[in-house]
Amino acid sequence: MIEVVAPGPLALVEDLGRPGLAAIGVARSGAFDRGSLRLANRLVGNDEGAAGIEALAGGLALRATVPLVVAVTGADGPVTVRGPSRAVRQMPRRSPLHLAADDVLELGAPSTGLRSYVAVRGGIALRRTLGSASFDTMSRLGPAPLAVGDRLPVGCAVLGTPHVDHAPARPAAPALRVLPGPRDDWFGEAGLAALAGTEWAVSPASDRVGVRLDGGPLARARSGELPSEPMVPGALQVPPGGRPVLLGPDGPTTGGYPVIGVVVDADLDRVAQLRPGELLRLTIVR
Amino acid sequence: MSLPFGVRRCGDRGLLVDADDAAGIAAAVEALALAGVVEVVPGAAAVLVRHDASADPRALATVLAGVEPLARSTESGVLVEVPVVYDGADLDDVAAATGLTAADVVRLHSAAEYDVAFCGFAPGFAYLRGLDARLAVPRLAAPRTRVPAGSVAVADTWSAVYPRESPGGWRLLGRTDAAVWDSARTPPALLAPGTRVRFVEVRP
């Protein structure tokens, strides 16, 4: 078992979500930074899609009730293990860590990035809803956010033995790549130029549903109402106010605001690591 | 990249097809079972076709541009009868706004046959097309913070049943005890795209 000593601001159980159910209104959900969850699982020898914990900012503390192998990925920042004797060890991220019974794993405030992922060898074995143990913050499907005293069972989602000593950090890229459309014609070339030419600020009102971007605002080249149409994670939906909302994994499956562009799949994980107040540039690719 | 008229990029893993009959196009694309296509999602007037990295978006777009909608499933689709107690909080307001009596509103709402055009807003929330044009009313100016599960409602040209308690701005005509959403059931949504629906008046 893993016992939650402190959840920090928000700690959620997430796997790779519920893809393929948008036609009945169910969002993909799952880890916001899928690459980091997959890496954490690989480091402990798990199936890449095993359920782990997505921790927002710092403050998560987990106690091992039995010896466990865990790994922490995602954001960068201090990781410590506090033993029963109160001895504190600084531990690396992106590396398998051995916890003895009663050891407490603590995540400090990230120095870069926002979301950390904790994988435990065997995976977290909670009941699945529609094939996934992920919590969807908008539809409330899946296990509730972690609270003090929660005890999480560890499963057997292992593929092999942990064999990677330490994975390299990914270098940060300067801008997110955006493919125009499907409704870039609502904003014209001037709108796309403004999208690429603006230094956007990540709003504190951002979450797994959407990352709100302050700046601009973007002006529409036409008026009218868009019939509600399917949405995808990564879509830059532009409400009438002109400030784009970059949809996250728990975002709506349909929406009525035009999407000027969609962040390319390979850059989506980085959206999870954008911090409130951080400045962001978008590059148009064709 | 230039694509055929009516087909648009939706990121590097999706195409959006404009369509008057989005549900019909979605059903037709599903039936083709195209290689590389991982999901087909209808909206009100467009269909999202999500694909994996193996698909060539340009070639896929050419195929999608030529797809003809499958005929609306007037006889083939599953018909679901939804029992409704017509005692909704907005029934009298809808009657006043449309110049009808409350009894006429109930009669027109329960006389039509609907089908699920698409889902959105919440898991299992189905947009039902087929509403009598005389019942078209705008959404509430200020949405309710709490609409009970099972509320049967109308807005614009649509009708719907709230699958679970949620906020909402549609006009409430009545309520049903049909389990519109159950995430432990297979399938979880009672009203999936293509399903035909009739509302049947019942006494409380």
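User: In this predicted model, what makes the six strands of chain A an open sheet, and which strands are its edges?
Analyst: The six strands follow the order 7-6-9-4-1-11 in chain A, with antiparallel pairing. Strand 7 (88–91) and strand 11 (151–152) of chain A each pair on one side only, and are therefore the edge strands.

User: Why do strand 1 and strand 4 of chain A count as paired?
Analyst: At least two bridges are required for a pair, and five bridges join strand 1 (residues 2–7) of chain A to strand 4 (residues 60–64) of chain A, so the two strands count as paired. They run antiparallel. One of the contacts across this pair sets P7(A) against its bridge partner L60(A) in strand 4 of chain A.

User: What divides chain A into domains, and where do the bounds fall?
Analyst: The bounds come from an automatic or database domain assignment, which gives domain 1 (2–152) and domain 2 (176–284) of chain A. The centres of domain 1 and domain 2 of chain A, taken over C-alpha atoms, are separated by 28 Å. The contact draws 19 residues from domain 1 of chain A and 15 residues from domain 2 of chain A.

User: Which elements of domain 1 of chain A supply at least two residues to the side that touches domain 2 of chain A, and what is the make-up of that side by class?
Analyst: Helix 1 (34–43) and strand 10 (112–120) of chain A each supply at least two residues. By class, this side of domain 1 of chain A has six nonpolar, eight polar and five charged residues.

User: How do you know that the radius of gyration of chain A agrees with that of a compact globule?
Analyst: For 286 residues the globule rule gives a radius of gyration near 19 Å, and chain A has 20 Å, so the two agree. The C-alpha trace of chain A spans about 65 × 35 × 30 Å along its principal axes. Of the 286 residues of chain A, 51% count as buried. Among contacts in chain A with a separation of 6 or more, 77% are between residues 24 or more positions apart. Chain A contains three helices and 21 strands.

User: What are the corresponding values for chain B, and why does its radius of gyration agree with the globule rule?
Analyst: Chain B has 204 residues, for which a compact globule would have a radius of gyration near 17 Å; the value for chain B is 19 Å, which agrees. Its C-alpha atoms fill a box of roughly 55 × 35 × 35 Å along the principal axes, and 46% of its residues count as buried. Of the contacts in chain B between residues at least 6 apart in sequence, 63% join residues at least 24 apart. Chain B has four helices and 13 strands.

User: Which strands are the edges of the open sheet of four strands in chain B, and what packs on this sheet?
Analyst: The strands of this sheet in chain B have the order 1-2-4-3, with antiparallel pairing. Strand 1 (7–9) and strand 3 (37–42) of chain B each pair on one side only and are the edge strands. The twist averages 20° from one strand to the next. Helix 2 (residues 57–65) of chain B packs on the sheet, touching strand 1, strand 2 and strand 4 (46–51) of chain B, and its direction makes about 25° with that of strand 2 of chain B.

User: Why are strand 1 and strand 2 of chain B called a pair?
Analyst: The requirement is at least two bridges, and strand 1 and strand 2 (residues 14–18) of chain B have three, in the antiparallel sense, so they are a pair. V7(B) stands opposite V17(B) in strand 2 of chain B.

User: What is known of the contact between chain B and chain A?
Analyst: In this contact, 32 residues of chain B meet 26 residues of chain A. On the chain B side, the elements that give two or more residues are strand 1, strand 2, strand 3, strand 4 and strand 6 (113–119) of chain B. Strand 3 of chain B gives the most, with five residues. By class, this side of chain B has 21 nonpolar, six polar and five charged residues.

User: Which way do the residues of strand 10 of chain B point, and what joins this strand to strand 9 of chain B?
Analyst: From strand 10 (residues 158–161) of chain B, W158(B) and A160(B) point one way and S159(B) and V161(B) the other way, and all are buried. Strand 9 (residues 151–155) of chain B pairs with strand 10 of chain B in the antiparallel sense over four bridges, and V154(B) stands opposite S159(B). Their hairpin has two residues between the strands, and D156(B) takes a positive phi near 55° there.

Definitions and conventions
Residues are numbered from 1 along each chain as its sequence is written. Chains are lettered from A and ligands numbered from 1 in the order in which they are written. This is a predicted model: local features need pLDDT of at least 70, side-chain atom pairs count only at pLDDT 80 or more; totals for chains, interfaces and linings use all residues. Axes are lines fitted to C-alpha atoms, for helices over the stretch in contact, and angles run from 0 to 180 degrees between N-to-C directions. Two residues are in contact if their C-beta atoms, placed from the backbone, lie within 7 Å. Ala, Val, Leu, Ile, Met, Phe, Trp, Tyr, Cys and Pro count as nonpolar, Asp, Glu, Lys and Arg as charged, and the others, Gly among them, as polar. The radius of gyration is taken over C-alpha atoms; the globule rule is 2.2 Å times the number of residues to the power 0.38. A residue is buried if 20 or more other C-beta atoms lie within 10 Å of its own, exposed if 12 or fewer, and partly exposed in between; C-beta atoms are placed from the backbone.
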